[in-house]
Amino acid sequence: MAARPTWQGHLKLSLVTCPVALYTATSSANTVSFHLINPETNNRIRMVPTDPDAGPVERSDLVKGYEVSKDEYVLFDDEDFDKVKLESTRTISIDEFVDETDIDRLYWNDPFYVVPEKGVGAEAFAVIRDAMKAAGKIAIGCLVLRGRERQIALEVRGKGLVAYSLRAHDEVRDAADYFDDIPTVKPDKDMVEIATRIIGQKEADFDPTQFRDRYDEALKEMVKAKQKGGKGLVEAPEPDDTNVVDLMEALRASLKGSAGSSKAPAKKAAAKKPAAKKKAA
(Lines give C-alpha, C1' and ligand atoms only; values in the text may rest on other atoms or scores of the structure.)
Protein backbone atom coordinates (compact mmCIF):
# COMPACT_ATOMS: atom_id res chain seq x y z
CA MET A 1 0.00 0.00 0.00
CA ALA A 2 1.50 3.30 -1.12
CA ALA A 3 0.07 5.52 1.62
CA ARG A 4 1.70 5.61 5.04
CA PRO A 5 -0.56 4.71 7.98
CA THR A 6 -1.76 7.54 10.19
CA TRP A 7 -1.93 5.25 13.22
CA GLN A 8 -0.91 1.68 14.03
CA GLY A 9 -2.02 -0.42 16.96
CA HIS A 10 -4.62 -3.01 17.88
CA LEU A 11 -8.39 -3.36 17.53
CA LYS A 12 -9.98 -5.03 20.55
CA LEU A 13 -13.44 -6.49 21.12
CA SER A 14 -13.58 -8.06 24.57
CA LEU A 15 -10.83 -10.72 24.48
CA VAL A 16 -10.42 -10.70 20.69
CA THR A 17 -7.62 -8.45 19.41
CA CYS A 18 -5.83 -7.94 16.10
CA PRO A 19 -3.17 -5.55 14.77
CA VAL A 20 -4.57 -2.81 12.51
CA ALA A 21 -3.50 0.35 10.74
CA LEU A 22 -5.50 3.51 10.05
CA TYR A 23 -5.17 5.36 6.74
CA THR A 24 -6.65 8.78 6.03
CA ALA A 25 -9.66 8.16 3.77
CA THR A 26 -9.63 11.56 2.10
CA SER A 27 -7.04 13.48 0.09
CA SER A 28 -6.41 17.14 -0.75
CA ALA A 29 -3.52 16.43 -3.12
CA ASN A 30 -5.30 17.96 -6.13
CA THR A 31 -6.39 21.13 -4.35
CA VAL A 32 -4.76 24.40 -5.38
CA SER A 33 -2.35 25.64 -2.69
CA PHE A 34 -0.24 28.78 -2.50
CA HIS A 35 3.04 29.99 -1.01
CA LEU A 36 3.74 33.46 0.34
CA ILE A 37 5.89 35.49 -2.08
CA ASN A 38 7.58 38.86 -1.67
CA PRO A 39 6.34 40.74 -4.79
CA GLU A 40 9.40 43.03 -4.76
CA THR A 41 11.90 40.15 -5.10
CA ASN A 42 9.64 37.24 -6.19
CA ASN A 43 11.29 35.20 -3.44
CA ARG A 44 9.31 32.67 -1.45
CA ILE A 45 8.97 33.66 2.20
CA ARG A 46 10.34 31.17 4.71
CA MET A 47 8.80 31.07 8.17
CA VAL A 48 11.76 30.99 10.57
CA PRO A 49 11.15 30.45 14.32
CA THR A 50 12.57 33.48 16.10
CA ASP A 51 13.35 34.09 19.76
CA PRO A 52 12.87 37.80 20.61
CA ASP A 53 16.19 37.76 22.52
CA ALA A 54 18.30 35.08 20.84
CA GLY A 55 17.09 35.56 17.26
CA PRO A 56 16.42 32.69 14.76
CA VAL A 57 16.40 29.18 16.27
CA GLU A 58 16.18 25.67 14.83
CA ARG A 59 12.66 24.24 14.94
CA SER A 60 14.09 20.86 16.02
CA ASP A 61 15.48 22.48 19.18
CA LEU A 62 12.11 23.77 20.33
CA VAL A 63 9.85 22.22 22.96
CA LYS A 64 6.17 22.80 23.71
CA GLY A 65 4.98 24.95 26.57
CA TYR A 66 1.65 25.21 28.37
CA GLU A 67 0.95 28.70 29.72
CA VAL A 68 -0.14 28.44 33.36
CA SER A 69 -0.04 32.20 33.96
CA LYS A 70 1.09 35.32 32.11
CA ASP A 71 4.49 34.51 30.50
CA GLU A 72 4.92 31.42 32.71
CA TYR A 73 5.03 28.01 31.01
CA VAL A 74 5.30 24.34 31.89
CA LEU A 75 7.61 22.77 29.30
CA PHE A 76 7.10 19.42 27.53
CA ASP A 77 9.44 17.52 25.24
CA ASP A 78 8.76 14.37 23.22
CA GLU A 79 9.78 12.09 26.08
CA ASP A 80 7.19 13.69 28.34
CA PHE A 81 4.40 12.89 25.88
CA ASP A 82 5.66 9.30 25.60
CA LYS A 83 5.21 8.92 29.36
CA VAL A 84 1.44 9.33 29.04
CA LYS A 85 0.47 5.68 28.71
CA LEU A 86 -3.22 5.20 27.98
CA GLU A 87 -4.69 2.01 26.55
CA SER A 88 -6.05 4.10 23.67
CA THR A 89 -2.50 5.13 22.72
CA ARG A 90 -1.97 1.77 21.07
CA THR A 91 -5.39 0.07 21.22
CA ILE A 92 -8.87 0.81 19.88
CA SER A 93 -11.05 -0.88 22.46
CA ILE A 94 -14.67 -1.21 21.38
CA ASP A 95 -16.72 -0.11 24.38
CA GLU A 96 -20.28 -0.16 23.08
CA PHE A 97 -22.53 -0.47 20.02
CA VAL A 98 -25.17 2.05 18.95
CA ASP A 99 -27.53 2.71 16.06
CA GLU A 100 -26.11 5.05 13.42
CA THR A 101 -29.11 7.35 13.83
CA ASP A 102 -28.24 7.80 17.53
CA ILE A 103 -25.17 9.88 16.59
CA ASP A 104 -26.01 13.49 15.70
CA ARG A 105 -24.36 14.28 12.35
CA LEU A 106 -22.77 17.37 13.90
CA TYR A 107 -20.41 15.03 15.77
CA TRP A 108 -19.12 13.08 12.74
CA ASN A 109 -15.63 14.17 11.66
CA ASP A 110 -12.70 12.79 9.63
CA PRO A 111 -12.92 9.26 8.13
CA PHE A 112 -10.09 6.69 8.24
CA TYR A 113 -9.81 3.27 6.63
CA VAL A 114 -9.13 0.52 9.18
CA VAL A 115 -7.04 -2.27 7.65
CA PRO A 116 -5.74 -5.44 9.34
CA GLU A 117 -2.00 -6.02 9.36
CA LYS A 118 -0.96 -9.01 7.30
CA GLY A 119 -0.57 -12.29 9.10
CA VAL A 120 -2.47 -14.11 11.81
CA GLY A 121 -4.46 -10.98 12.78
CA ALA A 122 -6.51 -11.06 9.57
CA GLU A 123 -8.81 -13.80 10.88
CA ALA A 124 -9.49 -12.00 14.17
CA PHE A 125 -10.23 -8.83 12.18
CA ALA A 126 -12.70 -10.77 10.00
CA VAL A 127 -14.44 -12.11 13.12
CA ILE A 128 -14.92 -8.60 14.55
CA ARG A 129 -15.98 -7.21 11.16
CA ASP A 130 -18.54 -9.91 10.42
CA ALA A 131 -19.95 -9.79 13.95
CA MET A 132 -20.45 -6.03 13.57
CA LYS A 133 -22.12 -6.57 10.20
CA ALA A 134 -24.46 -9.18 11.65
CA ALA A 135 -25.39 -6.87 14.53
CA GLY A 136 -26.02 -3.94 12.18
CA LYS A 137 -24.58 -1.50 14.69
CA ILE A 138 -21.94 1.23 14.88
CA ALA A 139 -19.03 0.48 17.24
CA ILE A 140 -17.83 3.19 19.62
CA GLY A 141 -14.27 3.30 20.96
CA CYS A 142 -11.35 5.64 21.69
CA LEU A 143 -7.83 6.17 20.42
CA VAL A 144 -5.04 8.71 20.84
CA LEU A 145 -4.55 10.40 17.46
CA ARG A 146 -2.43 13.48 16.69
CA GLY A 147 -1.87 14.33 20.31
CA ARG A 148 -5.46 13.95 21.48
CA GLU A 149 -7.66 11.14 22.72
CA ARG A 150 -10.63 10.97 20.39
CA GLN A 151 -13.86 9.05 20.49
CA ILE A 152 -14.41 7.19 17.24
CA ALA A 153 -17.25 5.42 15.49
CA LEU A 154 -16.50 2.33 13.40
CA GLU A 155 -18.70 0.88 10.68
CA VAL A 156 -18.31 -2.04 8.27
CA ARG A 157 -17.48 -1.15 4.67
CA GLY A 158 -16.75 -4.00 2.29
CA LYS A 159 -13.85 -6.13 3.58
CA GLY A 160 -12.70 -3.43 5.98
CA LEU A 161 -13.89 -0.90 8.52
CA VAL A 162 -14.17 2.86 8.43
CA ALA A 163 -13.42 4.81 11.61
CA TYR A 164 -14.81 8.31 11.98
CA SER A 165 -13.35 10.56 14.64
CA LEU A 166 -16.17 12.14 16.64
CA ARG A 167 -16.14 15.70 17.91
CA ALA A 168 -16.32 16.13 21.66
CA HIS A 169 -19.54 17.50 23.11
CA ASP A 170 -17.92 20.81 24.08
CA GLU A 171 -16.65 21.27 20.50
CA VAL A 172 -20.18 21.45 19.10
CA ARG A 173 -21.88 24.79 19.61
CA ASP A 174 -25.47 24.93 20.78
CA ALA A 175 -27.74 25.50 17.78
CA ALA A 176 -30.15 27.47 19.97
CA ASP A 177 -27.54 30.24 20.26
CA TYR A 178 -27.98 30.83 16.53
CA PHE A 179 -31.50 29.64 15.71
CA ASP A 180 -33.47 31.18 18.58
CA ASP A 181 -33.25 34.65 17.01
CA ILE A 182 -34.71 33.48 13.69
CA PRO A 183 -38.11 35.22 13.47
CA THR A 184 -41.19 33.03 13.61
CA VAL A 185 -42.82 33.20 10.19
CA LYS A 186 -45.79 31.18 8.97
CA PRO A 187 -45.31 30.96 5.20
CA ASP A 188 -48.20 30.83 2.77
CA LYS A 189 -49.25 27.18 2.34
CA ASP A 190 -49.59 27.60 -1.45
CA MET A 191 -46.00 28.84 -1.66
CA VAL A 192 -44.81 25.87 0.40
CA GLU A 193 -46.73 23.51 -1.89
CA ILE A 194 -45.06 24.98 -4.99
CA ALA A 195 -41.63 24.83 -3.33
CA THR A 196 -42.32 21.17 -2.47
CA ARG A 197 -43.10 20.45 -6.12
CA ILE A 198 -39.83 22.14 -7.16
CA ILE A 199 -37.99 19.86 -4.72
CA GLY A 200 -39.71 16.83 -6.27
CA GLN A 201 -38.60 17.89 -9.76
CA LYS A 202 -35.00 18.19 -8.59
CA GLU A 203 -34.95 14.83 -6.78
CA ALA A 204 -31.95 12.65 -7.71
CA ASP A 205 -29.65 9.93 -6.41
CA PHE A 206 -26.58 11.20 -4.59
CA ASP A 207 -23.53 10.79 -6.85
CA PRO A 208 -20.32 12.33 -5.43
CA THR A 209 -18.49 11.72 -8.72
CA GLN A 210 -20.58 14.49 -10.28
CA PHE A 211 -19.38 17.14 -7.83
CA ARG A 212 -16.71 19.51 -9.11
CA ASP A 213 -14.98 22.19 -7.10
CA ARG A 214 -15.61 24.97 -9.61
CA TYR A 215 -13.76 27.51 -7.48
CA ASP A 216 -10.65 25.32 -7.49
CA GLU A 217 -11.02 24.82 -11.27
CA ALA A 218 -11.35 28.58 -11.76
CA LEU A 219 -8.16 29.11 -9.77
CA LYS A 220 -6.33 26.60 -11.98
CA GLU A 221 -7.58 28.41 -15.09
CA MET A 222 -6.40 31.70 -13.62
CA VAL A 223 -2.96 30.14 -12.97
CA LYS A 224 -2.78 29.15 -16.66
CA ALA A 225 -3.90 32.62 -17.76
CA LYS A 226 -1.32 34.35 -15.55
CA GLN A 227 1.40 32.05 -16.95
CA LYS A 228 0.48 33.42 -20.39
CA GLY A 229 0.50 37.01 -19.15
CA GLY A 230 -3.25 37.48 -18.77
CA LYS A 231 -5.32 38.33 -15.70
CA GLY A 232 -7.75 35.44 -16.01
CA LEU A 233 -10.56 37.33 -14.25
CA VAL A 234 -13.51 35.13 -13.26
CA GLU A 235 -16.82 36.83 -12.52
CA ALA A 236 -20.22 35.60 -11.39
CA PRO A 237 -23.20 37.86 -10.63
CA GLU A 238 -24.58 37.71 -7.09
CA PRO A 239 -28.31 36.89 -7.06
CA ASP A 240 -30.78 39.53 -5.93
CA ASP A 241 -32.78 38.90 -2.76
CA THR A 242 -36.32 37.72 -3.40
CA ASN A 243 -38.84 40.29 -2.14
CA VAL A 244 -41.99 39.14 -0.38
CA VAL A 245 -44.05 40.90 -3.07
CA ASP A 246 -42.75 38.77 -5.94
CA LEU A 247 -42.03 35.57 -3.96
CA MET A 248 -45.02 33.70 -5.42
CA GLU A 249 -44.06 34.83 -8.92
CA ALA A 250 -40.48 33.62 -8.37
CA LEU A 251 -41.73 30.25 -7.12
CA ARG A 252 -44.03 29.77 -10.12
CA ALA A 253 -41.24 30.73 -12.53
CA SER A 254 -38.90 28.32 -10.77
CA LEU A 255 -41.46 25.53 -11.03
CA LYS A 256 -41.81 26.09 -14.79
CA GLY A 257 -38.06 26.29 -15.22
CA SER A 258 -37.46 23.10 -13.27
CA ALA A 259 -40.10 21.27 -15.27
CA GLY A 260 -38.48 22.32 -18.54
CA SER A 261 -34.96 21.30 -17.53
CA SER A 262 -35.69 18.29 -15.33
CA LYS A 263 -34.58 14.85 -16.39
CA ALA A 264 -35.93 11.44 -15.50
CA PRO A 265 -34.46 10.20 -12.20
CA ALA A 266 -31.32 8.16 -12.80
CA LYS A 267 -31.58 4.47 -12.07
CA LYS A 268 -29.49 3.32 -9.15
CA ALA A 269 -26.40 1.37 -10.12
CA ALA A 270 -25.99 -1.42 -7.59
CA ALA A 271 -22.31 -1.93 -8.35
CA LYS A 272 -21.39 1.74 -8.04
CA LYS A 273 -20.43 2.90 -4.58
CA PRO A 274 -18.71 6.06 -3.30
CA ALA A 275 -15.09 5.76 -2.23
CA ALA A 276 -15.89 6.90 1.28
CA LYS A 277 -19.12 7.62 3.14
CA LYS A 278 -19.06 11.30 3.95
CA LYS A 279 -20.84 12.54 7.04
CA ALA A 280 -21.95 16.06 7.34
CA ALA A 281 -20.19 18.09 9.85
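This note covers a surface patch and the salt bridges of the structure.

1. Basis. This is a predicted model, in which local features need pLDDT of at least 70 and side-chain atom pairs count only at pLDDT 80 or more, while totals for chains, interfaces and linings use all residues. Residues are numbered from 1 along each chain as its sequence is written, and side-chain values use heavy atoms, with hydrogens and water left out.

2. Nonpolar patch. Tyr66, Val68, Val74, Phe76 and Phe81 form a nonpolar patch on the surface. Together they have about 480 Å² of accessible area (Shrake-Rupley method, 1.4 Å probe; for residues, only the protein chains shown count as cover). Two elements, β7 (64-69) and β8 (72-76), each give two or more residues to the patch. Patch members have over 30% relative accessible area and no salt bridge; like charges are joined within 9 Å, and nonpolar side chains (Val, Leu, Ile, Met, Phe, Trp, Tyr) within 5 Å. Helices (H or I, at least four residues) and strands (E, at least two) are DSSP runs, numbered from the N terminus.

3. Phe81. Phe81 is partly exposed, at 42% relative accessible area. The class runs between buried (under 20%) and exposed (over 50%), with a 1.4 Å probe and protein chains only.

4. Salt bridges overall. The whole structure holds four salt bridges. The criterion is a side-chain nitrogen of Lys or Arg within 4 Å of a carboxyl oxygen of Asp or Glu.

5. Lys137 and Asp99. Lys137 is in the loop between α3 (121-135) and β12 (138-145), and Asp99 is in the loop between β10 (96-98) and β11 (108-116), so the bridge ties together parts 38 residues apart in sequence. Lys137 is partly exposed at 31%. Asp99 is partly exposed at 32%.

6. Glu171 and Arg148. Glu171 is partly exposed at 39%, and Arg148 is partly exposed at 37%.

7. Arg197 and Glu193. Arg197 has 43% relative accessible area and is partly exposed. Glu193 is partly exposed at 39%.
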